[in-house]
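Please walk through this protein chain with me, from its overall make-up down to single residue pairs.

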Amino acid sequence: MYCSFEIDVRCASWGKTYLSLAVGTKTGYRLFSVTSVDKLDCIHESIETPDVYIVERLFSSSLVVVVSQSMPRRMNVYHFKKGTEICNYSYSNNILAVRLNRQSLVVCLEESIYIHNIKDMKLLKTLLNTPSNPSGLCALSISHSNSFLAYPGSDTIGEIIVYDANNLSTMTMIPAHDSPLAAITFSASGTKLASASERGTVIRVFSIPEGLRLFEFRRGMKRYVNISSLSFSPDAQFLCASSNTETVHIFKLEQHSPSGEEQAPSWSTYVGKMFTAASSYLPAQVSGMMSQDRAFATVRLQMAGQKNVCALATIQKLPRLLVASSDGQLFIYNIDPQDGGECTLVQKHRWGITLFITESCQSYAATVAIPSSGPVTATLTGYSEDGGAKKGEVIPEHEFAAGPVCLDDETEFPPVSIR
């Protein structure tokens, strides 16, 4: 499908498998597919709804959720392959974020969160009077067995509430940062949660559902930055962070060797032992800085000051960093999973048009692909609760699919029959 060159970007989001890109524009929305380095396919374009500031696609299915600035309180759910509207819901205030997985559709307002069953769009739970969340910050894990929702537990400090979207109950509260949250994201398995605060200097990774701190990374010390996105690699071995600066950081999630393990003596190990010994005599904040790991790999973007969203994916059997910027460009970088360092730019696209291609990609060891999960066979048993959500006037009748839902099959999802 052809997509025109001019794109006035309102929003951009990566699909759950990081191989699809949804873009909201002044004239509508567009869906792109990234299956190879040198090709960016526009698979769908809609100009029926202008000024789209939220667009989320469910994996590689035909289900897409759209919110427009002209009607910021209404959420429209479409089957874009059939060109039909599945349903629409209106809420008491402006919609700030929408998150999807195989079981749930979550709508976030400034002071409330709504959890729908994605199979029939029934409202399962309303979380009212949540702490003020003007940016609509929230994260929903994609795992079927670990369907967790994370959102701020405070508007003054960086507390994270982890909620079980399957059992509709609060799991834990994580005291993640001293200042308010700026970014949160789950790993694909739902067993890790990464967070950053408004200061943007420290990124932390916690185990889920226990909430134990596993890793702590220092992005920088010289200045505060606005971290716009965090993203795990599909195997959760790496974590990338992008901000309003020109640098994207990639951190490696690995445990250090036990102190008793024999290592070849080197200057770095000697200095490390000195720091470890000295940290016991220093204040907690200072010793914490010593124990924080730096970036494993970095990228210097060609622009600064623009909002962008990053993702780590395996494309053509090699690990890649994908960066989509608010000026309508997509950058694809090679990552060396063994040595890290400065990443190599291998492709640059203007969304829908390739600008240039660099030399052929270097060969790296194949990385572990995201584990496949089976089709959804169970349906949540929930209850309907008003609390401000109202169904739209035009809602087709819903029927459950006779068999398991195949999310990758455009003809079977969503499981509705429109009459």
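What follows moves from the whole chain to strands, cores and salt bridges.

This is a predicted model, in which local features need pLDDT of at least 70, side-chain atom pairs count only at pLDDT 80 or more, and totals for chains, interfaces and linings use all residues. Residues are numbered from 1 along each chain as its sequence is written, and side-chain values use heavy atoms, with hydrogens and water left out.

Start with the whole chain. It has two helices and 31 strands. Helices (H or I, at least four residues) and strands (E, at least two) are DSSP runs, numbered from the N terminus. Of the 419 residues, 53% count as buried. Buried means under 20% relative accessible area, exposed means over 50%, and partly exposed lies in between (1.4 Å probe, protein chains only). Among contacts (heavy atoms within 4.5 Å) between residues at least 6 apart in sequence, 48% join residues at least 24 apart.

Now look at strand E18, residues 192-197. Five of its six residues are buried, so the strand is largely enclosed by the rest of the structure. Two strands pair if DSSP finds at least two bridges between them. Strand E17 (residues 181-186) pairs with E18 in the antiparallel sense over five bridges. Here Ile 184 faces Ser 195 of E18. The two strands make a hairpin with five residues between them, and Gly 190 in the turn has a positive phi of about 75 degrees. E18 also pairs with strand E19 (residues 202-207), again antiparallel and over five bridges. Ala 194 stands opposite Val 205 in E19. This hairpin has four residues between its strands, with Gly 200 in the turn at a positive phi of about 75 degrees.

Further along is an open sheet of five strands, with mixed pairing and the order E21-E22-E23-E24-E28. Its edge strands are E21 (227-232) and E28 (341-342), each pairing on one side only. Strand E24 (residues 297-300) runs parallel to E28 in a pairing of two bridges. Thr 298 stands opposite Glu 342 there.

Next, the cores. A nonpolar core is a set of buried Ala, Val, Leu, Ile, Met, Phe, Trp, Tyr and Cys residues joined through side-chain atoms within 4.5 Å. Which residues of the largest core touch the most other members? They are Met 75, Ile 95, Val 98 and Leu 105, out of 25 residues. Strands E5 (52-57), E6 (63-68), E7 (71-79), E8 (84-90), E9 (97-100) and E10 (104-108) each give two or more residues to this core. Apart from it lies another core of 19 residues, among them Val 23, Phe 32, Cys 42 and Ile 315.

Finally, the charged pairs. A salt bridge is a side-chain nitrogen of Lys or Arg within 4 Å of a carboxyl oxygen of Asp or Glu. The count comes to seven. In one, Arg 10 meets Asp 51, with the closest N and O atoms 3.3 Å apart. Arg 10 sits in strand E1 (residues 9-14) and Asp 51 in the loop between strand E4 (39-46) and E5, 41 residues apart. In another, Arg 30 meets Glu 45 at 3.0 Å between the closest N and O atoms. Arg 30 lies in strand E3 and Glu 45 in strand E4, so the pair ties together parts that are 15 residues apart in sequence. Arg 30 is buried at 4% relative accessible area, whereas Glu 45 is partly exposed at 25%.
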